[in-house]
Amino acid sequence: MTDNHIPKDFHSFESDAPFERCIQCNKYLLDDDTEYIIEKAVKNYERYEAKDVVFDYAICMDCAEEMRKEISKESWQSMMNYFQQNMDVHARLQMQNQSPTENLSKCMIKNTHMDQCSEYQIYAHCRGNKLNMENPPYMISGEVMEELIPLLSEKTIDEMNGFMNKHFSPDPSLMEPIPPRLVLL
Ligand SMILES: [Zn+2]
């Protein structure tokens with residue numbers, strides 16, 4: 001059995017504790033059967049051995065699904081094609097049997113080690129206070145994000161920026177266009 005407790009990597013940066021609420025509808029997330037996604041974007045300052053959380057949040061499945069509907073069909077299709085062409089499906093399945101720490105240590109697409117990524121995003125699919133290991137947590141390097149952005153329509157990018165602006169007011173120098181959460185079920 002894999003350890004499926006939610007690692008600290010996915011705790012809220014603000015509270016240093018597990019996320020309790022959906023960022024969109026405020027639904028309570030830690031009931032046993034409640035499914036949700038956690039997404040966190042991190043910048044690495046290798047030289048200073050420091051990390052900076054650019055943003056993080058949890059979103060319930062209903063809200064994630066609503067947001068997915070806002071993504072244009074073309075953008076969604078291009079992203080799916082990208083993952084089909086670039087993701088090692090066998091390796092992805094093996095992640096179900098690896099520890100979350102191991103899964104997060106390198107980019108799911110490029111295999112780049114976390115420490116070598118100037119920025120990266122991590123994703124977890126959770127159920128209550130546990131990880132859903134059928135869809136194990138993963139990390140996507142900044143390099144992949146840069147390859148994804150040109151595949152997205154302007155409308156999709158506007159939608160994503162709208163979401164970011166609604167919920168976060170980060171230092172603009174830290175902001176990058178953000179690809180939508182990639183729920184790979
Ligand atoms: Zn919600």
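1. Tyr-45 has Ala-50 as its bridge partner in E2. The pairing behind this is antiparallel: E1 and E2 (residues 50–60) are joined over 10 bridges. Note that this is a predicted model.

2. E1 (residues 35–45) also pairs with E3 (residues 119–127). Nine bridges link these two strands, again in the antiparallel sense.

3. On the overall layout, the protein chain holds six helices and five strands. Read from the N terminus, the order is β-β-α-α-α-α-β-β-β-α-α.

4. As for burial, the protein chain has 185 residues, and 29% of them are buried.

5. Next, the core. The largest nonpolar core has 34 residues. The members touching the most other members are Tyr-36, Ile-38, Ala-58, Ile-59, Cys-107, Met-139 and Ile-140. At least two residues of this core come from each of E1, E2, E3, strand E5 (138–141) and helix H5 (142–148).

6. Neighbours within four places in sequence are set aside here. Cys-107 is then in contact with Thr-112, Cys-117, Tyr-120, Met-139, Ile-140, Ser-141 and Val-144. Two of these partners, Met-139 and Ile-140, are listed with Cys-107 among the core members that touch the most others.

Key. Residues are numbered from 1 along each chain as its sequence is written. This is a predicted model: local features need pLDDT of at least 70, side-chain atom pairs count only at pLDDT 80 or more; totals for chains, interfaces and linings use all residues. Two strands pair if DSSP finds at least two bridges between them. Helices (H or I, at least four residues) and strands (E, at least two) are DSSP runs, numbered from the N terminus. A residue is buried if 20 or more other C-beta atoms lie within 10 Å of its own, exposed if 12 or fewer, and partly exposed in between; C-beta atoms are placed from the backbone. A nonpolar core is a set of buried Ala, Val, Leu, Ile, Met, Phe, Trp, Tyr and Cys residues joined through C-beta atoms within 7 Å. Two residues are in contact if their C-beta atoms, placed from the backbone, lie within 7 Å.
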